[in-house]
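Dear colleague,

My notes on its contents follow.

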Amino acid sequence: MLCLPSGRLIRGRAMRRPLPADGGPVPAYAVHLLGGQPPPVPWEARWLRWPDFWLPTDRAEARSVLTEAWRRSAEERVEIACFGGRGRTGTALACVAVLDGVPPGEAVAYVRRHYDRHAVETPWQRAYVRRFGT
């Protein structure tokens with residue numbers, strides 16, 4: 001779970017791991033960052049085509065989808081997920097942190113400190129976050 005400076009919460013998740021068996025809280029809205037069509041889920045979800053270790057294939061759509069996730073996180077449970085839960089998920093969470101007011105040059109460090117120390121795996125993902133603020 002990432003707590004943004006505004007207090008909004010967004011859950012990052014590795015889709016390779018099942019949801020908690022105890023039937024814990026499910027999101028109202030999810031963003032799935034995968035190179036191929038994700039499996040169906042019983043809640044509202046958007047698929048953003050994003051190959052592993054790379055960047056979203058449509059950057060304008062990515063900005064729109066991540067902005068929607070940030071907007072909805074003010075009142076709804078939101079999840080951002082990729083297969084491993086670190087590279088693409090961390091990059092998307094860092095972009096959402098930028099939308100929440102974290103300076104683009106500090107967003108990767110913020111997500112690594114508050115979500116996963118291995119988040120945002122590649123140099124081009126880090127550069128994407130820095131440019132996301134412009």
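**Findings**

His-118 is located in the loop between helix 3 and helix 4; helices (H or I, at least four residues) and strands (E, at least two) are DSSP runs, numbered from the N terminus. His-118 is partly exposed at 36% relative accessibility, where buried means under 20% relative accessible area, exposed over 50%, and partly exposed in between (1.4 Å probe, protein chains only). Between His-118 and Gly-87 there are 31 residues of separation in sequence and 7.8 Å in space, C-alpha to C-alpha.

Please note that this is a predicted model, in which local features need pLDDT of at least 70 and side-chain atom pairs count only at pLDDT 80 or more, whereas totals for chains, interfaces and linings use all residues. Residues are numbered from 1 along each chain as its sequence is written, and side-chain values use heavy atoms, with hydrogens and water left out.

**Nonpolar core**

In soluble globular proteins, nonpolar side chains tend to be buried together. The largest nonpolar core here has 33 residues; such a core is a set of buried Ala, Val, Leu, Ile, Met, Phe, Trp, Tyr and Cys residues joined through side-chain atoms within 4.5 Å. The members that touch the most others are Ile-10, Val-31, Leu-33, Leu-66, Ile-80, Tyr-128 and Val-129. At least two residues of this core come from each of strand 3 (29-34), helix 1, strand 5, helix 2, helix 3 and helix 4. Helix 2 contributes the most, with seven residues.

**Aromatic residues**

Rings of Phe, Tyr and Trp (its six-membered ring) pair if their centres lie within 6.5 Å; planes under 30 degrees apart count as stacked, over 60 as edge-to-face and the rest as tilted. Three aromatic pairs are found by this rule. Trp-54 and Trp-124 are stacked, because their ring centres are 5.1 Å apart and their planes lie at 20 degrees. This pair links distant parts of the chain, 70 residues apart: Trp-54 is in the loop between strand 4 (44-49) and helix 1 (59-72), and Trp-124 is in helix 4 (residues 123-132). Separately, Trp-50, Tyr-128 and Phe-132 form one aromatic cluster.

Trp-54 and Trp-124 also belong, with Phe-53, to a nonpolar surface patch with about 350 Å² of accessible area together. Patches are made of residues with over 30% relative accessible area and no salt bridge, like charges being joined within 9 Å and nonpolar side chains (Val, Leu, Ile, Met, Phe, Trp, Tyr) within 5 Å; the areas come from the Shrake-Rupley method with a 1.4 Å probe, and for residues only the protein chains shown count as cover. Phe-53 lies in the loop between strand 4 and helix 1 and is partly exposed at 43%, while Trp-124 is partly exposed at 36%.

Arg-8 is over the face of Trp-70, 3.9 Å from the ring centre, and Arg-63 is over the face of Phe-132, at 4.1 Å.

**Salt bridges**

There are ten salt bridges in the structure, each a side-chain nitrogen of Lys or Arg within 4 Å of a carboxyl oxygen of Asp or Glu. Arg-8 takes part in one with Asp-100, the closest N and O atoms being 4.0 Å apart. Asp-100 is in the loop between helix 2 (87-99) and helix 3 (107-114) and Arg-8 in the loop between strand 1 (2-3) and strand 2 (9-14), so the bridge ties together parts 92 residues apart in sequence. Asp-100 is buried at 13% relative accessibility, as is Arg-8 at 18%.

Glu-79 and Arg-11 form another salt bridge, with closest N and O atoms 2.7 Å apart. That pair links strand 5 (residues 78-82), which holds Glu-79, to strand 2, which holds Arg-11, 68 residues away. Glu-79 is buried with a relative accessible area of 0%, and Arg-11 is buried at 15%.

Within helix 1, Glu-68 and Arg-71 stand three residues apart, about one turn of the helix, and their side chains form a salt bridge (2.7 Å, N to O). Glu-68 is partly exposed at 24%, and Arg-71 is partly exposed at 48%. Salt bridges with shared partners join Glu-44, Glu-68, Arg-71, Arg-72 and Glu-76 into one network.

With kind regards

Key
A charge sits over a ring if NZ of Lys or CZ of Arg is within 6 Å of the ring centre and within 35 degrees of the ring normal.
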